[in-house]
Amino acid sequence: VLRGGYVNPSLARVLPISSTKVFCAYPPLYQFALLGWMKIAGTSVASAMWFHLVLFGAFQVALLRIFRRLNTPALCVNIAGLFLFSITFCDRPDSLAHALGMGAVYFALRSRRAMAGGEGQNLSCWSWVAAALNVLTLCTSLQIGAFYLGLVSLLFLLCRYYSAEKIPIASVLASWLLPAGLVFLVKFGFPLLWSGFKEHAAFTPSVAG
C-alpha cells in the first residue's frame, strides 16, 4: 500500500523469495483482502486489528445462521461457542479462511431440501455458492480449506444417505477440481511462485508434511 512492492522485507533471513521478489509463502487471497481494507482504513495497527474483528464477526454471523437453520438447542450453541476461543489466536489469514469456510457450510445446508426452511424448490444455486466459497477458502489457507471442503462434502453425503437427496455432482466436482487446477497452474505456469511457496512449506509443514 505504501511503497508498491508485493514483498515482505522483514522475512529476508528465512524467505529470500517472499522477502525480495514476490510474497508467495501461502495462498494470496488474504493479502488481497487486506490490501483492499487498508486502502480504505489505512495501514495502522488498529486498522489491521479491526479487520481481524470484522472477519470474526462474519464467521459468527454464518455460525449463528447455521444454528438457526438446524434448530440447534441453546445448550449445544453455548458449548459450540467455546470454539471461538480456540481460533482467536490464529493468524489473520486463518480468520478469513474460517469466515469463508463457515459461509460454505451455511450455503451447502441451504441447498438441501430437508433444511430449506420453506424456501421453495429452486435450491441448486446455493450449492454453487458453497462451491465458490470452498474454492476461496482454499485460496486463503490450504489446511483450513481442505477441512471445510471435506465437511461440506460429508454434509452432502449424509443428506443423500438420510433423506435421499441427490448430491450436486457438478458443484462438488468443481469445488475439488478448480483448486487442483490452480495448484497445477502455479506449479507449471509460475515456477517462481511455486518455489517461494515450497520455501515456506519447508520449515512450516502441516500434518501432511
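## Leucine 178 and its helix

Leucine 178 is located in helix α9, which covers residues 169–189. The model is a predicted one. With a relative accessibility of 49%, leucine 178 falls in the partly exposed class, because that class lies between 20% and 50%. Between the C-alpha atoms of leucine 178 and arginine 110 there is a separation of 22 Å, and the two residues stand 68 residues apart along the chain.

## Packing of α9 against α10

Two packed helices are described by the angle between their axes and by the distance between those axes. For α9 and helix α10 (residues 191–201), the angle is about 105° and the axes are 5 Å apart. The two helices are therefore roughly perpendicular to each other, since angles of 65 to 115 degrees are classed in that way. On the α9 side, the contact is formed by Val183, Val186, Lys187 and Gly189, and on the α10 side by Pro191, Leu193 and Trp194. By residue type, this contact of α9 with α10 comprises 5 nonpolar residues, 1 polar residue and 1 charged residue.

## The salt bridge

Side chains of opposite charge can pair when their charged atoms come close. How many salt bridges does the count give? The count comes to 1 salt bridge. It is formed by the side chains of arginine 112 and glutamate 165, with an N to O distance of 3.8 Å. Arginine 112 belongs to the loop between α6 (92–110) and α7 (124–138), and glutamate 165 to the loop between α8 (142–163) and α9, so the pair ties together parts that are 53 residues apart in sequence. Both arginine 112 and glutamate 165 are buried.

## Cysteines

The search of the whole structure returns 0 disulfides. In terms of accessibility, cysteine 125 is partly exposed at 37%, whereas cysteine 159 is buried at 6%.

## Overall architecture

The secondary structure of the protein consists of 10 helices and 0 strands. Along the sequence, the elements follow the pattern α-α-α-α-α-α-α-α-α-α. Taken along the principal axes, the C-alpha atoms fill a box of roughly 55 × 40 × 30 Å. The protein has 209 residues, of which 37% count as buried. Among contacts between residues at least 6 apart in sequence, 67% join residues at least 24 apart.

## Positive phi values

Most residues other than glycine have a negative phi. Which residue in the loop between α3 (45–69) and α4 (74–81) is considered here? Asparagine 71 lies in that loop, and its phi is positive at about 50°, although the residue is not a glycine. Asparagine 71 is exposed, with a relative accessible area of 65%. Alanine 164 also has a positive phi, near 55°, and is a residue other than glycine. Alanine 164 is placed in the loop between α8 and α9. The relative accessible area of alanine 164 is 52%, and the residue is exposed.

## Further residues within helices

Alanine 74 is part of helix α4. At 55% relative accessibility, alanine 74 counts as exposed. Glutamine 60 is part of helix α3. Glutamine 60 has a relative accessible area of 40% and is partly exposed.

The table below lists C-alpha separations for pairs of residues.

| Residue pair | Separation in sequence | C-alpha to C-alpha distance |
|---|---|---|
| Leucine 178 and arginine 110 | 68 residues | 22 Å |
| Alanine 74 and isoleucine 144 | 70 residues | 27 Å |
| Glutamine 60 and serine 95 | 35 residues | 11 Å |

Key:
Residues are numbered from 1 along each chain as its sequence is written. This is a predicted model: local features need pLDDT of at least 70, side-chain atom pairs count only at pLDDT 80 or more; totals for chains, interfaces and linings use all residues. Side-chain values use heavy atoms; hydrogens and water are left out. Helices (H or I, at least four residues) and strands (E, at least two) are DSSP runs, numbered from the N terminus. Buried means under 20% relative accessible area, exposed over 50%, partly exposed in between (1.4 Å probe, protein chains only). Axes are lines fitted to C-alpha atoms, for helices over the stretch in contact, and angles run from 0 to 180 degrees between N-to-C directions. Angles under 35 degrees count as roughly parallel, over 145 as roughly antiparallel, 65 to 115 as roughly perpendicular and the rest as oblique. Contact means heavy atoms within 4.5 Å. Ala, Val, Leu, Ile, Met, Phe, Trp, Tyr, Cys and Pro count as nonpolar, Asp, Glu, Lys and Arg as charged, and the others, Gly among them, as polar. A salt bridge is a side-chain nitrogen of Lys or Arg within 4 Å of a carboxyl oxygen of Asp or Glu. A disulfide is a pair of cysteine sulfur atoms within 2.5 Å.
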